[in-house]
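Please read this briefing alongside the sequence and the model shown below.

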Amino acid sequence: MHSLKLKEISEVIIRKATKSDAKSLIDYLDIIGGESDFLTFGPGQFGRSVEQEEEFIQSVLTKENALFIVAEVEGKLVGNLNFSGGPRQRNAHVGEFGVSVLRECWGNGIGEKLIQYLIAWSKDSGIIRKINLRVRSDNTRGICLYKKLGFKEEGIAKRDFLIHDRFYDSIIMGLPID
């Protein structure tokens, strides 16, 4: 599989996910589950049907403190970011996100664009005051990107991932939104 270099990518479109994206998202998630051990699921482990994905997208669209965005290149889904704030008044202002990009598009700044969208959306939301994430402690590229965008290390979750009978720690990072 060859990588798409930035000069080959004509335009990256970042937009909110819609119910009509459900099938493409399921296909995308099946691919990325096998491309990286840094995700919380592996190949075939995502576990949602198209109908369940449609319901999930719809539920995110109805919440003021949740965001589900996708990245497209030439009509192809190449990345996504899902953020969800807390369900109660006392924690509605804080949430956690997950982000992924197809391996063939790594190194083109797509993950950074997705996170920048989240940060801008959070500032405009009037609700979100802090963004959290967990990143596997050996994901140096991810950690560098998060630090570049202003996230700070706040703690370590020991043995947070179990992959191929090996435990991995996660670094907990946060970004205050003021």
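A salt bridge is taken here as a side-chain nitrogen of Lys or Arg within 4 Å of a carboxyl oxygen of Asp or Glu. The model is predicted, and local features therefore need a pLDDT of at least 70 and side-chain atom pairs count only at pLDDT 80 or more, while totals for chains, interfaces and linings use all residues. Residues are numbered from 1 along each chain as its sequence is written, and side-chain values use heavy atoms, with hydrogens and water left out.

**Salt bridges**

- The side chains of Lys-148 and Glu-112 meet in a salt bridge, with an N to O distance of 3.1 Å. Lys-148 lies in helix α4 and Glu-112 in helix α3 (residues 110–125), so this pair ties together parts that are 36 residues apart in sequence; helices (H or I, at least four residues) and strands (E, at least two) are DSSP runs, numbered from the N terminus.
- Lys-148 is exposed, with a relative accessible area of 59%, whereas Glu-112 is buried at 18%; buried means under 20% relative accessible area, exposed over 50% and partly exposed in between (1.4 Å probe, protein chains only).
- The count of salt bridges comes to 11, and one of them joins Arg-48 to Glu-53, whose closest N and O atoms are 2.8 Å apart. Arg-48 is partly exposed, with a relative accessible area of 29%, while Glu-53 counts as buried at 0% relative accessibility.
- Glu-154 forms a salt bridge with Lys-130, the closest N and O atoms being 2.9 Å apart. This pair links distant parts of the chain, with Glu-154 in strand β6 and Lys-130 in strand β5, 24 residues apart; Glu-154 counts as partly exposed at 45% relative accessibility.

- The model has an open sheet of 7 strands in the order β1-β2-β3-β4-β5-β7-β6, with mixed pairing, where two strands pair if DSSP finds at least two bridges between them.
- Strands β1 (12–16) and β6 stand at the edges, and each has a single partner strand, so one side of each is left without a neighbour in the sheet. From one strand to the next the twist averages 25 degrees; axes are lines fitted to C-alpha atoms, for helices over the stretch in contact, and angles run from 0 to 180 degrees between N-to-C directions.
- Strands β4 and β5 (residues 130–136) run parallel and are joined by 3 bridges, and the bridge partner of Val-94 in β5 is Lys-130.
- Helix α1 (residues 22–32) packs on the sheet, where it touches β2, β3 (76–85) and β4, and its direction makes about 95 degrees with that of β3; contact means heavy atoms within 4.5 Å.

**Aromatic pairs**

- A search of the whole structure finds 5 aromatic pairs. Rings of Phe, Tyr and Trp (its six-membered ring) pair if their centres lie within 6.5 Å, and planes under 30 degrees apart count as stacked, over 60 as edge-to-face and the rest as tilted.
- The rings of Phe-56 and Phe-68 have centres 5.7 Å apart and planes at 65 degrees, so this pair is edge-to-face. The pair links distant parts of the chain, with Phe-56 in helix α2 (residues 50–61) and Phe-68 in strand β2 (residues 66–73), 12 residues apart; Phe-68 is buried, with a relative accessible area of 5%.
- The rings of Phe-97 and Phe-151 have centres 5.9 Å apart and planes at 55 degrees, so this pair is tilted. Phe-97 lies in strand β4 (residues 94–101) and Phe-151 in the loop between α4 (140–148) and β6 (152–163), so the pair ties together parts that are 54 residues apart in sequence.
- Phe-97 is buried, with a relative accessible area of 7%, and Phe-151 also counts as buried, at 2% relative accessibility. Ring pairs link Phe-97, Tyr-146 and Phe-151 into a cluster.

**Charges over rings**

- Arg-136 lies over the face of Tyr-168, at 3.7 Å from the ring centre, and the charged end of Arg-159 sits over the ring of Phe-167, 3.6 Å from its centre. A charge sits over a ring if NZ of Lys or CZ of Arg is within 6 Å of the ring centre and within 35 degrees of the ring normal.
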